[in-house]
Amino acid sequence: MAQDIFDKVNAILADINGANPQGKDEVEQFRIQYLGSKNILKPLFGEIRNVENERKREFGQLVNSVKQAAEKKFEELKAAAEEASESAEAGSFDLTAPGEPLETGSRHPISVIRNRIIETFSRIGFTVAEDREIEDDWHNFSALNTPEDHPARDMQDTYYLLHDTERLLRTHTSSVQIRTMENQKPPIRAIFPGRVYRNETISARAHCQFHQVEGLYIDKDVSFADLKQTVEYFAKEIFGHNTKIRLRPSFFPFTEPSAEIDISCFICGGDGCNVCKYTTWVEIGGCGMVDPQVLKNCGIDPDEYTGFAFGMGVERIAMLKYRVNDIRLFFENDVRFLKQFDSAW
Ligand code: PHE
């Protein structure tokens, strides 16, 4: 009988030593079970009556050691549970801390300028047309009065597709002018933004890919004066209202007469600086009256209709406007550079 009681107490002792409750709630359960006011050790003290006299002392010590073991275990468990909840808190959010700013992307400077050009022309009735970058010879050259043996082809070094000399990367968006004239009846008033390619050595001033916005206006009685007014309106909108324009005689196979478009240098205002190379003028594009042969090539009667066309480089305008001195920056995708332009206008 007495041995049974010893066994029972030893079993409880083993339970205590082996217990491993996790978390505050389970530790509290442990405390209630072994150390609370109704703990399972209490009845054991009463059992001492049933132990023979010579073992009473031994039994008392055993029960006491169980109590001590329970107390010791509880202290350890309590400390471990506190530490665990502290480290869990450290890893969780501090709801009072200021939020981390969310980095949003910004618009590419070429897109900013391109959108601005589109918006400027849309105010005077120009729509936008876009088309393919891989073109055929007809739309990029032949329809534009530039047959195969024409020396003007050398003006724009062309990338042809491997094994397919009929297909090329467009060298200008004049190809979209042709497609528009082939598919629409005048009056036509549209601009043609897009990426173009030329086999140029890459440097601070030139790249093998860049962006253009070309424009076209075909109607009855369109004159060179209309072209000049349109270019002047554009230059003042983009570069400021004091800007003057100068049309310098030039040559393009698809326009006659043709001109280069210069604007008065808005940086030095006419005093001379390194942007205008002390000439007080900077070139931004080309223009001219659409050659009657080009109209014919697209099924438009040149006796009934006339028109003007113009084209300019978006990078060139962006470089002037933002004073960027290396065209390669636009293609390198360095966010430190790109971030600066989103709200720059
Ligand atoms: N297509 C010409 C170029 O890329 C620009 C241009 C367009 C010139 C329209 C005149 C008229 O250089």
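Author: The dialogue below takes up the salt bridges and then a sheet. This is a predicted model, in which local features need pLDDT of at least 70 and side-chain atom pairs count only at pLDDT 80 or more, while totals for chains, interfaces and linings use all residues. Residues are numbered from 1 along each chain as its sequence is written, and side-chain values use heavy atoms, with hydrogens and water left out.

Reader: What is a salt bridge, and how many does a search of the whole structure find?

Author: A salt bridge is a side-chain nitrogen of Lys or Arg within 4 Å of a carboxyl oxygen of Asp or Glu. The search of the whole structure gives 17 salt bridges. One of them joins Lys220 to Glu304, with 3.4 Å between the closest N and O atoms. This pair links distant parts of the chain, 84 residues apart: Lys220 is in the loop between β6 (209–219) and α8 (224–239), and Glu304 is in the loop between α9 (292–297) and β10 (306–313). Helices (H or I, at least four residues) and strands (E, at least two) are DSSP runs, numbered from the N terminus.

Reader: Which residue forms a salt bridge with Arg246, and is Asp262 buried or exposed?

Author: Arg246 forms a salt bridge with Asp262, the closest N and O atoms lying 2.9 Å apart. Arg246 belongs to strand β7 (residues 245–252) and Asp262 to strand β8 (residues 255–264), so the pair ties together parts that are 16 residues apart in sequence. As to accessibility, buried means under 20% relative accessible area, exposed over 50%, and partly exposed in between (1.4 Å probe, protein chains only). Asp262, at 2%, counts as buried, whereas Arg246, at 32%, is partly exposed. A network of salt bridges links Arg246, Arg248, Asp262 and Glu283.

Reader: What is the order of the strands in the open sheet?

Author: Strands of a sheet pair through backbone hydrogen bonds, either parallel or antiparallel. Two strands count as paired if DSSP finds at least two bridges between them. Here an open sheet of three strands runs in the order β2-β4-β3, with antiparallel pairing. At its edges stand β2 (134–136) and β3 (160–161), each with a single partner strand, so one side of each is left without a neighbour in the sheet.

Reader: Over how many bridges do β2 and β4 pair?

Author: β2 and strand β4 (residues 164–169) pair over three bridges in the antiparallel sense. Ile134 has Leu169 as its bridge partner in β4.
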